[in-house]
Amino acid sequence: MKTIEITLVSMFVVLIAIGANITSIIPFAVVGGVPITLQTFFAVLSGLILGSRLGAITTSVYAFMGLVGLPVFARFSGGFGSLLSPTFGFILSFILAAYVGGKIIEKKKTVSWYVFASLVATAINYLFGTNWMYFAYKFWADAPDGFSYGLAWLWMLPPLPKDIILAVVAGIFAHRMRVSILSKGQFKRLKLGA
């Protein structure tokens, strides 16, 4: 990897970690008991801006750092035990979401494709993460009374509007970053988003 790629990957790893803990920094960022995090936003953005390869590397490094015990996950948690957390599927989904989002924009570079890629990546996050959560509660975690597959998806309704809005913002922001970088002639050798 080039030095600039290592720098950008590191920057996005830090942004994802900050996004995971934004409610610890800004405690009033909780609406209806649901914390407003920016973790998914930055994970998706890494794929849109850095491309599929670097986006997947970024989110893999983030997951690995948390698993080895660095406090980068939500509530400044980390450690190998996180694998058993019902919400760990959302973290794993970041790798696929960043990769797929990056792959989509590598084919077309219009703002509508960036927004589409971001929405697809967010949908991957929801699909993988919610299914992991359901199976975790069914097989190894203590499920609440009356827990069902439908209830797992009902739990995802409160953050859904926020995540849709952030996905659209991520798509527009990533496209504008690309236009800005290209117009200034920066990073000529680095093919961000290929």
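In which helix does Phe 135 lie? I looked, and Phe 135 sits in helix H5, residues 111–139. I note that helices are DSSP runs of H or I with at least four residues, strands are runs of E with at least two, and both are numbered from the N terminus.

**Ground rules**

I am working with a predicted model, where local features need pLDDT of at least 70, side-chain atom pairs count only at pLDDT 80 or more, and totals for chains, interfaces and linings use all residues. Residues are numbered from 1 along each chain as its sequence is written, and side-chain values use heavy atoms, with hydrogens and water left out.

**Entry 1: the whole chain**

I listed the secondary structure and found seven helices and two strands. Read from the N terminus, the order is α-α-β-β-α-α-α-α-α. The protein has 194 residues, and 44% of them count as buried. Buried means under 20% relative accessible area, exposed means over 50%, and partly exposed lies in between (1.4 Å probe, protein chains only).

Next I looked up contacts, meaning heavy atoms within 4.5 Å. Of the contacts with a separation of 6 or more, 67% come from residues 24 or more positions apart.

**Entry 2: helix H1**

H1 covers residues 3–20, which is 18 residues. From first C-alpha to last it reaches 26 Å, close to the 26 Å expected at 1.5 Å a residue. The expected span is 1.5 Å times one less than the number of residues.

Which residues of H1 are buried? I wrote down Glu 5, Leu 8, Val 9, Phe 12, Val 13, Ile 16, Ala 17, Gly 19 and Ala 20.

Ile 18 is partly exposed, at 37% relative accessible area. Its C-alpha is 8.9 Å from that of Thr 37, 19 residues apart along the chain.

**Entry 3: Gln 39**

Gln 39 lies in H3. Is Gln 39 buried or exposed? Its relative accessible area is 11%, so Gln 39 is buried. What does Gln 39 touch? Leaving out residues up to four places away in sequence, I found Ile 16, Gly 19, Ala 20, Tyr 62, Ile 91 and Phe 94.

For angles, axes are lines fitted to C-alpha atoms, for helices over the stretch in contact, and angles run from 0 to 180 degrees between N-to-C directions. Under 35 degrees counts as roughly parallel, over 145 as roughly antiparallel, 65 to 115 as roughly perpendicular, and the rest as oblique. A crossing is left-handed if the near helix is turned anticlockwise from the far one by less than a right angle, and right-handed if clockwise.

H3 and H4 (residues 88–107) pack at about 155 degrees, with axes 8 Å apart. H3 and H4 are therefore roughly antiparallel. Their crossing is left-handed. Their contact has 13 nonpolar, 11 polar and two charged residues. For these classes, Ala, Val, Leu, Ile, Met, Phe, Trp, Tyr, Cys and Pro are nonpolar, Asp, Glu, Lys and Arg are charged, and the others, Gly among them, are polar.

H4 and H5 also pack at about 155 degrees, with axes 8 Å apart. H4 passes H5 in a right-handed crossing. The contact of H4 with H5 divides into 19 nonpolar, six polar and no charged residues.

The axes of H3 and H5 come within 10 Å and cross at roughly 130 degrees. That makes H3 oblique to H5. Thr 40, Val 44 and Leu 48 in H3 meet residues of H5 including Tyr 114, Ala 117 and Ser 118.

Arg 75 is in the loop between H3 and H4. Arg 75 has a positive phi of about 60 degrees although it is not a glycine. At 72% relative accessible area, Arg 75 is exposed.

Last, I returned to Phe 135, which is partly exposed at 39%. The C-alpha atoms of Phe 135 and Pro 86 are 8.0 Å apart.
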